[in-house]
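This report concerns the protein chain shown below.

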Amino acid sequence: MGAPGISYKTRLIVALVIITVIFAVLIGRLFFLQVVESQELQDRALSQWTRDTSLSAARGSIQDATGVVLAQSGTAYKVVIWPNNIDADERTRIATELSELLKMDYATVLSKVADTGKQEIVLARRVERETVDQITARKLGIGVGTAIDVKRYYPSGDLFSQLLGFTTVDGVGQSGLEQKYDKYLSGENGRMITETDRKGNPLAYGTQEVIEPVDGYSLVLTVDSVYQAALEQACAEALQVNNAATAQGILMNCKTGAVLAITTQPDYDPNDPPRHDAALLSAVTRNRVVADAYEPGSTFKLITLAAALDSGAIDENFSISCPGYHIVNGEKIRCWKSGGHGAQNLYQVAQNSCNPAFMAMAQAMGVNTFYDYIYAFGLGSSTGSGITGEASGIVTHEKYITENTLARIGFGQSIAVTPIQLVTAVSAAVNGGNLMQPYVLERIVANDGTVIEENAPTVVRRVISEQTSAKVRAIAETVVSEGSGKNAAVPGYRIGGKTGTAQKYENGAIAEGKLIASFIGFAPADDPEFVCLILVDEPQVGTIFGSTVAAPFVKQMMEETLRHAGYLPAGSEVPVEVPYLIDLTVQQAKDALKAAGLDAAYQDDPAELVIAQVPAAGQRASAGSDVLLYTASTSTDVSDAVEDIPEELVEVPDVLGMARLAASDALKKKGLSILIYPEDQSGEAIRQSPMAGEMVAEGTEVLVEFSSTNIGE
């Protein structure tokens, strides 16, 4: 008998299992292809028989308040290659031609031409029409093409450069308003889908689908190109003649808060920003008017004056005798004028910018009252202007403020503000008492004219009464007509304002020879519409005051502004035309000015030649006002030049970790005293103000906080 074989039934079962497994694998594969990989395969198939080209949306325009276009999208072209449509033996020739025409690296172009793993590559953007015509003339085949692209263009060049900012080569906002409002300006790109054969060539009778791009919205700003041009010219001249690091300026409508002009010099051309130098790019694009905080010096005295009058701490009968210093807790804080100003009334202390008078005002108010006004004027917080990069300034918490520090705040020390904060605060002091929210964006408009977003004048709060504001205006007007601000006087117009000069600090210490000179002015003084601040950072010229470094340029700006706004000069005063003084000796120039009814302000030897003058020849000036004379020897001399510095400075020691007695001894060795509040503290010092390393006046109280508040434990 033979060996028993596999039964028919068993073979049938095995066959069924095998068939079932095969069908299961097939079904699984079909499910994977039709469900799991369905979209990827469809996209791959679509990419093989269609060509998908992006159509760039036009970026929305930016306009000033009068309709002048400041930023717009212009027509340009992009060069596109389809590597799979380029024959291998043509790659070298095409790469050579394109690298030459587009001024690109040959190896880079060749690598892209040979990259057959990609269907489409954008080789270059923002290509001019002339280059496109040359590419077409070279007949590089169906693997090379061009398409319409957009290019951001700034018709006014460097006008408004820090405010507007610029875009990347791909049209994405990179700084300024271009960055802040990118989502409104950018729009949505479109697409053009074209049927092709297996080699990527367009089918002769194939279909083509076009999804049109949606252009971006437009921005309308509050600024005015005429005001901006005048401000940039004034700041550029201030920068040049004072050999300064930067010059900053802002013009605001004090009744509405609308920013009319804003600049930092030096600036740049957003059509060609210095992308190759990151440090330079960061420096010239920084909008210092909103981003940088500084000690305002005597310009802050307008805020102290307004607060003291409104709070009732002083009245119009206020008077003081200035011996050249003011003693606070045994510390002698000097006036800027050696020997002092003597007896003065309220108007005279403002005209003379007398430090002791404003220290007395701050002390009369006290910390709590003065700080209520400081915060009410918007200091220590962002103004909400909507300008990119705005900082909040520096206001030390009132619990750390000593009597000495309070006195210094009175004349603009120990507090830091941004220029836009100061302009906003002074606007409230002179516009009738309302703090207005500054704004630069008027409205956002869609392509069909629909207004997407709109801003209007916004009253943040009432800070002082209308009566107090009127007093501040009257006093500040005499600063220009009779006092330290006479170089800001404009013939035929009523101008008010205040000078300011302060030292700069670096790493907590006074930076030797580095000052900030400024002038803030408003006009018309009886019913102000405009407030202008010009700040000159690190001027490298002779004796430095805001009245000589900054005031003449505010005068220049105010005259342009008032005339453009339609204000006609009044009164019988006949302005004097400034003579040409360049290449004369200082003495000759002085004589020429005297003959014209003007005075000379100079620092150097009268025998030296004048190389620059402010105001320039041909400009008009009030009789008796100063003309600044600069020579080749003009250089920085800070002695007796700063209105707002203490007499002697010492470095604050580090007392953290010390017990009460040890901390007190360490401070006494430096000529400083300790302040412990509340007094029932013990343990180790955990906080001090001013901080270790800061330079302060001898005799200053240092507030020290300890770890325990129960001295009996």
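Is D182 buried or exposed? With a relative accessible area of 18%, D182 is buried, where buried means under 20% relative accessible area, exposed over 50% and partly exposed in between, computed with a 1.4 Å probe on protein chains only. The model is a predicted one, in which local features need pLDDT of at least 70 and side-chain atom pairs count only at pLDDT 80 or more, while totals for chains, interfaces and linings use all residues. Residues are numbered from 1 along each chain as its sequence is written, and side-chain values use heavy atoms, with hydrogens and water left out.

**Overall composition**

Of its 713 residues, 51% count as buried. Contact means heavy atoms within 4.5 Å. Among contacts between residues at least 6 apart in sequence, 73% join residues at least 24 apart.

**Individual residues**

D182 belongs to helix α8 (residues 182-185). Its side chain makes a polar contact with the side chain of R59, at 2.9 Å. A polar contact is a pair of N or O atoms within 3.5 Å; within protein, one must be able to donate a hydrogen and the other to accept it, and residues adjacent in sequence count only if both atoms are side-chain atoms. Not counting residues up to four places away in sequence, D182 touches R59, G171, V172, G173 and L177.

The table sets out the accessibility of three further residues.

| Residue | Relative accessible area | Class |
|---|---|---|
| G324 | 10% | buried |
| T418 | 0% | buried |
| R687 | 36% | partly exposed |

G324 is placed in the loop between β11 (319-322) and β12 (325-328). With neighbours within four places in sequence set aside, G324 is in contact with R334, C335, K337, G339 and G340.

T418 is found in the loop between α15 (403-410) and α16 (419-430). Beyond neighbours within four places in sequence, T418 is in contact with V289, V290, D292, A293, Y294, A391 and G393.

R687 lies in strand β29 (residues 682-689). Its side chain is joined to that of E705 by a polar contact of 2.7 Å. E705 is also among the residues in contact with R687 once neighbours within four places in sequence are left aside, the others being Y400, L656, L703 and V704. R687 and D654, 33 residues apart in sequence, have a C-alpha to C-alpha distance of 9.9 Å.

Two packed helices are described by the angle between their axes and the distance between the axes. Axes are lines fitted to C-alpha atoms, for helices over the stretch in contact, and angles run from 0 to 180 degrees between N-to-C directions.

Helix α3 (residues 91-102) packs with helix α4 (residues 106-113) at an angle of about 135°, their axes being 9 Å apart. This makes α3 oblique to α4; angles under 35 degrees count as roughly parallel, over 145 as roughly antiparallel, 65 to 115 as roughly perpendicular and the rest as oblique. The contact involves R91, T92, I94, A95, T96, L98 and S99 of α3, together with Y106, V109, L110 and V113 of α4.

With helix α5 (residues 129-138), α3 packs at about 160°, and the axes are 10 Å apart. The two helices are therefore roughly antiparallel to each other. On the α3 side, R93, E97, L98, E100, L101 and L102 meet T131, Q134, I135 and R138 in α5.

At 1.5 Å a residue, the 17 residues of helix α9 (residues 225-241) should span 24 Å, and its end C-alpha atoms are 24 Å apart, which agrees; the expected span is 1.5 Å times one less than the number of residues. D224 caps the N-terminal end of α9, with a side-chain oxygen 2.8 Å from the backbone nitrogen of V226. The buried residues of α9 include Y227, L231, A234 and L239. After α9 comes N243, whose phi is positive, near 50°.

Nine of the eleven residues of helix α12 (residues 301-311) are buried, so α12 is largely enclosed by the rest of the structure. Among them are K301, L302, I303 and T304. Just after α12, G312 takes a positive phi of about 85°.

Definitions and conventions:
Helix = DSSP H or I, 4+ residues; strand = E, 2+ residues; numbered from the N terminus.
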